[in-house]
Amino acid sequence: MAVAEVIPRRRRGPLTPYLLIAPAVLAMLGFLVYPMASVFYYSLQNYTVNKPWENGFAGLDNFRRMLAHDPLFWQSLGFTAKWVLVEVGLQLLLGLLLALIVNETFVGRAVSRALVFSPWAVSGVLTTGIWVLLYNPTTGVSRYLADLGLMGYGAAPLANPDMVFGAAVLAELWRGVPFFAILLLADLQTIPRDLYEAASVDGASRLRRFRHVTLPHLKDAIILATLLRAVWEFNNVDLLYTLTGGGPAHQTTTLPLYVAATAAQSHDFGYGAALTTAGFLILTFFSVLYLRLSKFGART
């Protein structure tokens with residue numbers, strides 16, 4: 001029974017719709033608006049548990065410190081941008097390739113789809129545990145690569161500054177590629193077969209059919225998937241934290257990891273809130289810019 005049916009018709013007035021949505025609005029205020037407002041408030045405060053005598057209104061001091069006196073902020077922000085670009089780009093290409101493959105008709109397609117999508121069902125911490133074992137220098141893949149003469153014995157990819165980025169990217173690809181494959185496959189299945197048949201009759205090659213039929217139809221799905229995944233990778237904490245801890249020498253420290261270290265480990269909640277605010281503003285700006293430039297939802 002609908003909620004509106006519970007209210008007698010004669011008692012309904014102009015405030016009835018607002019009363020019906022009030023629980024959802026209160027939930028949003030409590031779980032979304034209030035936490036965001038709290039972060040903005042504390043970003044303007046000196047709030048350090050270890051030095052309570054220094055607590056108080058700081059104005060824009062936290063932001064001045066961040067922009068002018070904190071090289072680790074710029075290092076973590078630069079790595080975050082590199083991480084997002086590499087991960088989202090590779091996940092999109094590999095996810096699109098897998099979606100095109102499992103969209104074809106062949107024996108064992110159902111099993112292949114299940115295998116492609118299965119990594120997405122694994123939690124981030126469990127994924128990290130799997131890859132930590134694979135990268136173990138004694139019992140992992142590097143041991144067998146050393147037996148083949150491809151690397152030295154005892155090589156630890158997660159502790160090597162020259163290898164840690166590639167190792168972390170590979171682990172996240174295993175988890176992230178199915179996200180694109182699922183979304184793009186769902187959109188591929190909505191493309192009318194008549195379009196491909198008409199293109200074939202006109203003499204279009206497979207590549208031209210992909211360029212002029214498949215890609216235009218997938219445009220909005222690709223834009224939405226890349227945006228969602230970019231936000232997700234920007235805020236990536238679980239895999240990098242449990243895989244590398246931000247090391248070695250902060251080489252894999254993203255901005256969210258830096259926020260966690262500042263707030264949870266150093267107990268500098270005011271500065272941590274300022275870093276969080278900066279990350280929120282950066283994500284908002286680039287999300288709006290990306291949607292505007294990509295003309296999401298526009299008819300072609």
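How are helices H5 and H8 oriented to each other? In the predicted model, helix H5 (residues 109-117) packs with helix H8 (residues 164-188) at an angle of about 135 degrees, and their axes lie 8 Å apart. Angles over 145 degrees count as roughly antiparallel and those of 65 to 115 as roughly perpendicular; H5 and H8 are therefore oblique to each other. On the H5 side the contact is made by Arg-113, Val-116 and Phe-117, which meet Pro-178, Ala-181, Ile-182 and Leu-185 of H8. Six of the residues in this contact are nonpolar and one is charged, with no polar residue present.

H8 also contributes to the largest nonpolar core, a set of 37 residues in which Met-66, Phe-73, Phe-180, Leu-184, Leu-255, Tyr-258 and Leu-275 have the most contacts. Besides H8, two or more residues are given to this core by each of helices H3 (61-68), H4 (71-102), H9 (193-201), H10 (206-234), H12 (255-265) and H13 (269-294). H4 supplies the largest share, nine residues. Beyond its neighbours within four places in sequence, Leu-184 is in contact with Leu-92, Gly-95, Leu-96, Ala-99, Leu-218, Ala-221 and Ile-222.

Pro-157 is located in the loop between helix H7 (141-147) and H8. Its relative accessible area is 7%, so Pro-157 is buried. When residues up to four places away in sequence are not counted, Pro-157 touches Tyr-135, Met-163, Val-164 and Ala-167. The C-alpha atom of Pro-157 is separated by 8.1 Å from that of Ser-142, 15 residues apart along the chain.

Methods: Residues are numbered from 1 along each chain as its sequence is written. This is a predicted model: local features need pLDDT of at least 70, side-chain atom pairs count only at pLDDT 80 or more; totals for chains, interfaces and linings use all residues. Side-chain values use heavy atoms; hydrogens and water are left out. Axes are lines fitted to C-alpha atoms, for helices over the stretch in contact, and angles run from 0 to 180 degrees between N-to-C directions. Helices (H or I, at least four residues) and strands (E, at least two) are DSSP runs, numbered from the N terminus. Angles under 35 degrees count as roughly parallel, over 145 as roughly antiparallel, 65 to 115 as roughly perpendicular and the rest as oblique. Contact means heavy atoms within 4.5 Å. Ala, Val, Leu, Ile, Met, Phe, Trp, Tyr, Cys and Pro count as nonpolar, Asp, Glu, Lys and Arg as charged, and the others, Gly among them, as polar. A nonpolar core is a set of buried Ala, Val, Leu, Ile, Met, Phe, Trp, Tyr and Cys residues joined through side-chain atoms within 4.5 Å. Buried means under 20% relative accessible area, exposed over 50%, partly exposed in between (1.4 Å probe, protein chains only).
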